[in-house]
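Open the model in your viewer and keep the selection panel at hand. The stops below say what to select next and what is there.

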Amino acid sequence: MISHLAVLPVLLPLVGAPACVVLRRPGAAWAFACGVAFLAFVAASHLLVQTRELGVISYALGGWAAPWGIEYRIDLLNALVLVLVSAMGMTVLLASRASVRGEVDPSRHSLFYVAYLLCLAGLLGIVATGDAFNLFVFLEISSLATYALVACGRDRRALIAAFNYLIMGTIGATFILIGIGFLYMTTGTLNMLDLAVRLPQLGESQTVFAAYAFIVVGVCLKLALFPLHLWLPGTYTQAPSIVTAFLAATATKVALYVLVRFSFSVFHLETSRLALSLEAIFITLGVVAAFAGSLVAIYATDLKRGLAWSSIAQVGYMAISVGIGTAAGLQAGLIHLFNHALMKGALFLAVAAYVLRVGGTTFRELRGIGQRMPLTTAAFVVGGLSLIGIPGTAGFISKWYLVMAAMESERWLLAFLVVASSLLTAVYIWRFIEVAYLEKPESGKASPQKPAGMLLTCTLLLALANLYFGFDTRLPVSTSAGAAANLLGARTP
Amino acid sequence: MSGAGLLVASLCIPVTVIPGITLLHNRPNPREALSLLASALLILINLGIYRSLQQGQTLAWQSGEVLPGLRLELAAEPLGVLFSLIASTLWLVTTVYAVGYMRAHNEGNQTRFYAFFALSIACVMGIAFAGNLLTLFLFYEVLSLSTWPLVVHAQTERARQGGRIYLGLLLGTSIVFFLPAIILTWWTSSTLSFTDGGVFDPDTSPLLLAVLLVLFVFGVGKAAMMPFHRWLPAAMVAPTPVSALLHAVAVVKAGVFSLLKIGIYIFGLDQLGATGSREALLYLATFSLLAASVVAMRQDNLKARLAYSTISQLAYVSLGVLLAVPDSITGGSMHIAMHAFGKITLFFCAGAILVATHKTEVSQLQGLGRQMPFTMGAFLLASLSIAGLPPTGGTWSKWYLMLGTLETGAWLLTIALLVSSILNLIYLTLIPVRAFWPSAAGPRRMNEAPIACCIAIALSAGGCIALFLFPQVLYQLISPITSGGGMP
């Protein structure tokens, strides 16, 4: 069992999904899915512990040795992301029962959990695999499941959103496939480690650059990096609240992981002659995203849409850290990847609770919600403070490292822009806080749903996690430091 | 109790009463009794810290590592002990006052008021005892956030506007200037701990230090240095007890206190004196000091006038820091105490006038002396303290600040301080004088504020006189700072 640990986080949900189909009763399907997600989380945590002790764990799928067979290769970087994705997947799933009951067509409940598990399996597969083509396969699994999940939204606009996402996502996936095809054509291998060894031998090949360009554009589409973000606001707004929470906490994080993996483990961005222009591109786009996303969020009249735009801004910070490209920069990006999942998880779960209670997420409907749902709103405030980067929350740690990385590489203007844009975050969070606490609630609307204990518990749990990781940062900081060193240390002289 | 235990207790006591205050939300008497009890207890604990410090004990506490090599630290040093004693004493006095004021004024949401008040005080204790910049910054930010509900207490559109300016400027300056300054300090010197003589190597680039000083001075927005002072008049929309304790004492003093700590323990007086941008900032502080006084003269609203007067008085402390000589540091530190007692008395009086007569404008106060002789008498005393005249405490702090300016040969600043004192006399002391002017018309019947308010006014005005009579207590407490050994 232990020797197969590397594949377990992927295998469990992948096998669990078809098994879940058999369970017709939604409650049973939910409980089963939760169990599976929990086991995947336990396996991922074990993996993290082992990689911290042993370094890299390599697993040959089906006993076929790399580079012929598919290799699962777990180092600190993907172990951390695996733990994060499985933990967030599990927490959101635990919280989901009441919200799914409130927002999704009853006939689809059990299938909803099947799609959820498939999506989780796909995301975990992308992270665990060491094979470029296998990565593409898992990307498609997770994407297809995501389209189905998004389409489960409350009204027909969800169908349009899902369709939009399907078109954009497919373009992205195609680009990635073309890139991988180019790589296979020039090197004859699909194994990432093997690619990393062979690519430098080719020297300055135009095909390799083209391959990298295709992959980067494809991944940035999935990442929703400005200006490839157009699918995100609609998708996040129209999808069922639980799906939004799940996607916001996991999908963009996995896309960032792929970007980092390809840029630094496979292509050695830091040594190639592309580095300079790409660095400028990532930093510029990241800064524009951070400002534009936040500005749109400030003027949003719908909380969910505002938070969706906020995600675009936050992706901008991660792009900046990849663009900085030093060990400190990568570390900052990974820490923010971790912390941002916690923040957005807490915020979107709180939104799910609001939807359940008042039936919508416009500021009009949410007036005075602070008095009606004090605990959920308190959790939202904590998540919001973390998003701003108030000391004592996880977001502060992210900001600290990002500013530090910018200063270390002597990009003073960038450091200033990063802190200045976080002020915009404060504006849109405070806009909601004023609505929630200072406005009088609209009278007459009783809550249509029973209070959702699990949803509240999970929301509070994530809010507490935001506080906890603001004080005890050993897990994200030490792991990301090791991961960043690995990424840059893998450089072939 | 051990030294570290005392420090932690000082932070925890105001926090621990919050659940109690919240639970007693329908029962005002026990709720307010709880607040009073907590503030009395806090004074005792801070006195305990004071005694331990006088006996030469080391009081320090550390958390686990927050970031590699960086912990949350608490440490008692003279300046912090002074600040904590002032804040906790005046918390008790203000709570007494608030009981009278909030009830007489029929304010809503009083539970929220007392709860966030206690939280703010906890943050102030955190700032007072912070052992490094990270800890200071943590409590500094939480203080801004926890006072916001108090500023928007009325929940009107005007209150919200005030709240936005308040939070926008305080968070804005701290995030855009203060945080980068802290990170830059950490990056340059690999420590954030307050250290006697400063943390920077002598060969640190002068440009870097000059930039850092500018970032720190503007970053500590709570010190209300122009041009980032607008939040303070905006905060006047809060109920009077909030304006009195937080926006005349706790929050603004947290600002100048932070500046003092940064000047003394991060830069060190020698390095600070040699920093290039110091002179420019010094003149900015002087400008702030005079300009705020001039603006104050033009304010008819009493609370607004007091707010601008506070901006001016805060600039005195900033000036003391930036002069960077022992006398000016002594003067600046003492001014924290002197101004605290004087200004809180003035705000108490403004609130008392509001409660008793519903008057808010200076022009309405002519002849009020007959009606409220006690309040106006206290007002006169406190305004003398602000101007720096005997028999009040303000005399001493201004004395040392003047000495500081003479010592550095900056005679222009000496003149500025004198001019400012005259301006203080004009825009503050004239108010009670005209209220008592014999020919002034006005109702002759006595009509004072509720008794709780009067007790508070008597206590704080008495403090002004006590500080005049016994300044040596203060002087002895803070003298180790200037003789080189403040930190434990």
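Select chain A and display its contacts (two residues whose C-beta atoms, placed from the backbone, lie within 7 Å). Among those between residues at least 6 apart in sequence, 79% join residues at least 24 apart. This is a predicted model, in which local features need pLDDT of at least 70 and side-chain atom pairs count only at pLDDT 80 or more, while totals for chains, interfaces and linings use all residues. Residues are numbered from 1 along each chain as its sequence is written, and chains are lettered from A and ligands numbered from 1 in the order in which they are written.

Stay on chain A and colour by secondary structure: there are 19 helices and two strands, where helices (H or I, at least four residues) and strands (E, at least two) are DSSP runs numbered from the N terminus. The radius of gyration of chain A is 21 Å, close to the 23 Å that the globule rule gives for 493 residues, so chain A is as compact as a globular protein of that length. That radius is taken over C-alpha atoms, and the rule is 2.2 Å times the number of residues to the power 0.38. Along the principal axes, the C-alpha atoms of chain A fill a box of roughly 70 × 55 × 40 Å. Of its 493 residues, 62% count as buried, that is, with 20 or more other C-beta atoms within 10 Å of their own, C-beta atoms being placed from the backbone.

Next, select chain B. Its secondary structure also consists of 19 helices and two strands. Its C-alpha box is roughly 70 × 55 × 45 Å along the principal axes, and 60% of its 488 residues are buried. Of the contacts in chain B between residues at least 6 apart in sequence, 81% join residues at least 24 apart.

Within chain B, select residues 130-423. An unreviewed UniProt entry annotates this stretch as "domain: NADH:quinone oxidoreductase/Mrp antiporter transmembrane"; such annotations may be inferred rather than shown by experiment. The stretch 130-423 of chain B is 76% helix and 0% strand, with its end C-alpha atoms 36 Å apart.

Finally, show both chains and look where they touch. Which elements of chain B give two or more residues to the side that touches chain A? The contact takes 22 residues from chain B and 21 residues from chain A. On the side of chain B, the elements giving two or more residues are strand 1 (60-67), helix 5 (133-151) and helix 6 (157-189). Helix 6 of chain B supplies the largest share, eleven residues. By class, this side of chain B has 17 nonpolar, three polar and two charged residues. Ala, Val, Leu, Ile, Met, Phe, Trp, Tyr, Cys and Pro count as nonpolar, Asp, Glu, Lys and Arg as charged, and the others, Gly among them, as polar.

Conventions:
A residue is buried if 20 or more other C-beta atoms lie within 10 Å of its own, exposed if 12 or fewer, and partly exposed in between; C-beta atoms are placed from the backbone.
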